[in-house]
Amino acid sequence: SRKLLMIPGPIEFESEVMQCMAVPTPSHVSPDFIDCFANSLKLMKEVWQCPSGQAFIIAGTGTLAMDMAAANLIETGDKALVISTGYFGLRYAEILKRYGAQVDILEAEVGNIVPLELIEQQLKSKSYKLLTFTHVDTSTAVLNDAKRIGTLGKKYNVLTILDGVCSVAGEEIKQEDWGIDVVLTASQKAIGVPPGLALLVASQNVMQAFEQRTSPVSNYYGDWANWLPIMKAYENRQASYFGTPPVNLIIALEKSLQLILEEGLDHRFDRHKSAGKAMRAAIKALGLDLLSKNEYVSANTLSAPLYPSQIDTNAFLKSVNQEGVILAGGLLPQLKKNYFRIGHMGSVNKNDLLATVGAIESALKNNGYSHELGLGTAQILKHF
Ligand code: PMP
């Protein structure tokens, strides 16, 4: 029977979105699809809260969105600062190096953020072209303070890139107000569309920096010089082609963005806050610790509980699966076996949380960890 997918992406998608995946595929230059593409670009800027930005919709994954921003903004020798709160921060450092950047990394202690004062000190010490940070690092469930990092970036005149793969449409982001230059994501997380879309909104500031580069972009597929005219053409309701867009995914994207805005961004962010708070309270009530150090640095889109020492960790996830729920293992190489991850973003509702915590309670019990059943689910009922 069908199981509940509670990993940090892909997630459970709304049925109205899934129905878009099944419509007969129209031509990518048909008038209806041109309208759909144009509308999706417009709705993205509303969800990102970046009215003056340039939106890009490209076939690919979140890693492509990261790669694209780096390829288009870095020229050999440029200085870049990576604020790392886990696996995806370090991935960004690798990507930037590939394009010849001189990369410095400020790495947080596992489960925590890099203190703002340290970031400021580093920005004072050198003139960086670019700073990247992960809003929610999916390997640690740590949430960065995007508003304050964006503001710092402005103060020191450095381009800021926010990896929002695990946060856009789940955690509050006001890209324009907060002065963040690129906010990027992938479709399969809180945006609520099956995997396959790389999505980003770039500020006017970043598009100017792109235009001022002196060397060609050393990535053919990702070159904004190829894609910007395509996005502009769709915005102006004109047919255009560089690479065939994933038509059904974009039809699904338009639907999902409409649903997100119908719910209302504030309501959606509050719902995620409640889900995060309820899940963390449930985990703690079962006597388990979280990888994220405190409430202030904890993401609301996923949680990363540490296994209790008594448990047979190999059997645990299998047991949760038998209870009808799919969870994810650890992702940080050095701690892979010490924790697991629960996604709670996008369409997540109270029943999903109750089923998930119920499955965790049973699996803990079946695998040698004794606790009183119902303590976790009670916290969901209380906080959500
Ligand atoms: N950044 C973050 C924060 C992520 O969670 C992920 C995916 N888990 C990525 C980047 C990479 O995205 P993708 O797997 O779609 O390439």
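A: A polar contact is a pair of N or O atoms within 3.5 Å; within protein, one must be able to donate a hydrogen and the other to accept it, and residues adjacent in sequence count only if both atoms are side-chain atoms. In this case, a nitrogen atom of the ligand is 2.6 Å from an N or O atom in the side chain of Asp163. The model is predicted, and local features need pLDDT of at least 70, side-chain atom pairs count only at pLDDT 80 or more, while totals for chains, interfaces and linings use all residues. Residues are numbered from 1 along each chain as its sequence is written, and side-chain values use heavy atoms, with hydrogens and water left out.

Q: How many residues surround the ligand?

A: A residue is near a molecule if one of its heavy atoms lies within 4 Å of it. Here 14 residues surround the ligand, and Thr61, Thr63, Thr138, Asp163 and Lys189 are the closest.

Q: Which elements give two or more residues to the shell around the ligand?

A: Helices (H or I, at least four residues) and strands (E, at least two) are DSSP runs, numbered from the N terminus. The elements in question are α3 (62-73) and α4 (87-98). The largest share, three residues, comes from α3.

Q: How is an aromatic pair read?

A: A pair of aromatic rings is described by the distance of the centres and the angle of the planes. Rings of Phe, Tyr and Trp (its six-membered ring) pair if their centres lie within 6.5 Å; planes under 30 degrees apart count as stacked, over 60 as edge-to-face and the rest as tilted. The structure holds twelve aromatic pairs. One of them, Tyr220 with Phe242, is tilted, at 5.7 Å centre to centre and 55 degrees between the planes. This pair links distant parts of the chain, 22 residues apart: Tyr220 is in the loop between α7 (204-211) and α8 (224-235), and Phe242 in the loop between α8 and α9 (247-263).
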